[in-house]
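Below is a short briefing on selected local features of a protein chain. Please read it alongside the sequence and coordinates.

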Amino acid sequence: MFSPCASTLSLNPKKLKGTANDMVLFESLKDYILTNEMLTENNYPVHHPEKRGSAVLFADNKKVNTDHKRRICCRCEATYSVNQTGKHMSKEECTYPKGDWKPLVPGGLETHYSCCQGVMGAAGCQVFKLHVHDSLSMDGFVSTVPWRPLNTSCPRVYSLHCEMCYTIYGLDSRVTVVNSGLEVVHNTFVKPSNDVIDYNTRFSGISEEDVNGNNTSLKEVQETLLSFINADTILIGHSLETDLCLLKLLHSVVVNTSGVFLHRLGPPHKLTLNNLTAEYLRRTIQESVCGHNTAEDAAACMNMLWGVKQHRKPKK
């Protein structure tokens, strides 16, 4: 359905019109909307109580950088020094595992890396020229506004997904929004506001050519999103808290697929989107040589939530 190396589409107004399906889906998802307590527990950005236009993370502040001279590599966990502009003080290679941390035997306690079978503490199998970090700036946030009904019978439901590259000041992204009919409404690269260290193409699908040919600022992306996403819109995503931080978007009406389709071991364990899609949709995603496809991932989340009535409701 979606091209692995899909081009950008700023906004498709024809795909914004609501249908009867939106009402059906909206009503079926109401019981899965995260409560304020669950938003906080899952580290969603919330309004800063004293600083307008800023957000705070209550559950885990590790991604909020407070030391302007040091960074912690999110791949190998090494600490490295940076100058006043955020650039590395010295060139030091990063050795890290590119796979996931998984049990040797399903359900077992002994674990290893899926890429090289390495155990905890073993040298990684991937080498990059520099360390990278995933710190977040909590300034420059915008909030969705209340719904004003015009020609639609109910607030809308959209699935949103971002992929990211690493810059000297953390993460920048590509964003795709899909409607309830699995049609792409918005798909664009965000022009990095800082120097890029690693495009992370194998996972992100973002290349240097994509970024160099793009002039869409984060502020412009925010304005576009706020033109059709309001405070009552249900946003669907997989671990959507990171996406909202990347977009600097404050929104509290959220349905998280990782919280609907639970890991058999329970929290804090979470199934990957790839695993969820294989189990519930019986198909494989994220195998393109172009990297992960944001439209494919967003559509997968939406597709799974159409069958949400078949699954146990989360406790609130």
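E241 is buried, with a relative accessible area of 11%; buried stands for under 20% relative accessible area, exposed for over 50% and partly exposed for what lies in between, with a 1.4 Å probe and protein chains only. The side chain of E241 meets that of K270 in a salt bridge, at 3.9 Å from N to O. K270 lies in the loop between α7 (257–260) and α8 (273–281) and E241 in helix α6, so the pair ties together parts that are 29 residues apart in sequence. K270 itself is partly exposed, at a relative accessible area of 38%.

The model is predicted: local features need pLDDT of at least 70 and side-chain atom pairs count only at pLDDT 80 or more, while totals for chains, interfaces and linings use all residues. Residues are numbered from 1 along each chain as its sequence is written, and side-chain values use heavy atoms, with hydrogens and water left out. Helices (H or I, at least four residues) and strands (E, at least two) are DSSP runs, numbered from the N terminus.

**Other salt bridges**

- Side chains of opposite charge can pair when their charged atoms come close.
- The count of salt bridges comes to seven, where a salt bridge is a side-chain nitrogen of Lys or Arg within 4 Å of a carboxyl oxygen of Asp or Glu.
- One of them joins E183 to K15, with the closest N and O atoms 3.1 Å apart.
- E183 sits in the loop between β11 (170–178) and β12 (184–189) and K15 in the segment before α1, so this pair ties together parts that are 168 residues apart in sequence.
- E183 is partly exposed at 32% relative accessibility, and K15 is partly exposed at 26%.
- Another salt bridge is formed by R156 and D22, whose closest N and O atoms are 3.3 Å apart.
- This pair links distant parts of the chain, 134 residues apart: R156 is in the loop between β9 (142–143) and β10, and D22 is in helix α1.
- Both R156 and D22 are buried.

**Packing of α1 against α9**

- The axes of helix α1 (residues 20–29) and helix α9 (residues 294–306) come within 10 Å and cross at roughly 75°; axes are lines fitted to C-alpha atoms, for helices over the stretch in contact, and angles run from 0 to 180 degrees between N-to-C directions.
- N21, V24, L25 and L29 of α1 make the contact with M302, L305 and W306 of α9, contact meaning heavy atoms within 4.5 Å.
- By class, six nonpolar residues, one polar residue and no charged residues take part in the contact of α1 with α9; Ala, Val, Leu, Ile, Met, Phe, Trp, Tyr, Cys and Pro count as nonpolar, Asp, Glu, Lys and Arg as charged, and the others, Gly among them, as polar.

**Strand β14 and its partners**

- Strand β14 (residues 234–237) is covered on both faces, with I234 and I236 buried on one side and L235 and G237 buried on the other.
- Strand β10 (residues 157–167) runs parallel to β14 and is joined to β14 by three bridges; strands pair if DSSP finds at least two bridges between them.
- V157 stands opposite I234 of β14.
- Strand β16 (residues 254–256) also pairs with β14 in the parallel sense, over three bridges.
- The bridge partner of G237 in β16 is N256.

**Buried aspartates**

- D243 lies in helix α6 and is buried at 3% relative accessibility.
- Leaving aside neighbours within four places in sequence, D243 is in contact with L160, H161, C162 and H238.
- D172 is placed in strand β11 and is buried at 10% relative accessibility.
- Not counting residues up to four places away in sequence, D172 touches several residues, including E163, K191 and L246.
- The C-alpha atoms of D172 and L218 are separated by 9.1 Å, the two residues being 46 apart along the chain.

- N43, in the loop between α2 (36–41) and β1 (46–47), has a positive phi near 65° and is buried at 14% relative accessibility.
- K248, in the loop between α6 (240–247) and β15 (249–250), has a positive phi of about 50° and is buried, with a relative accessible area of 13%.
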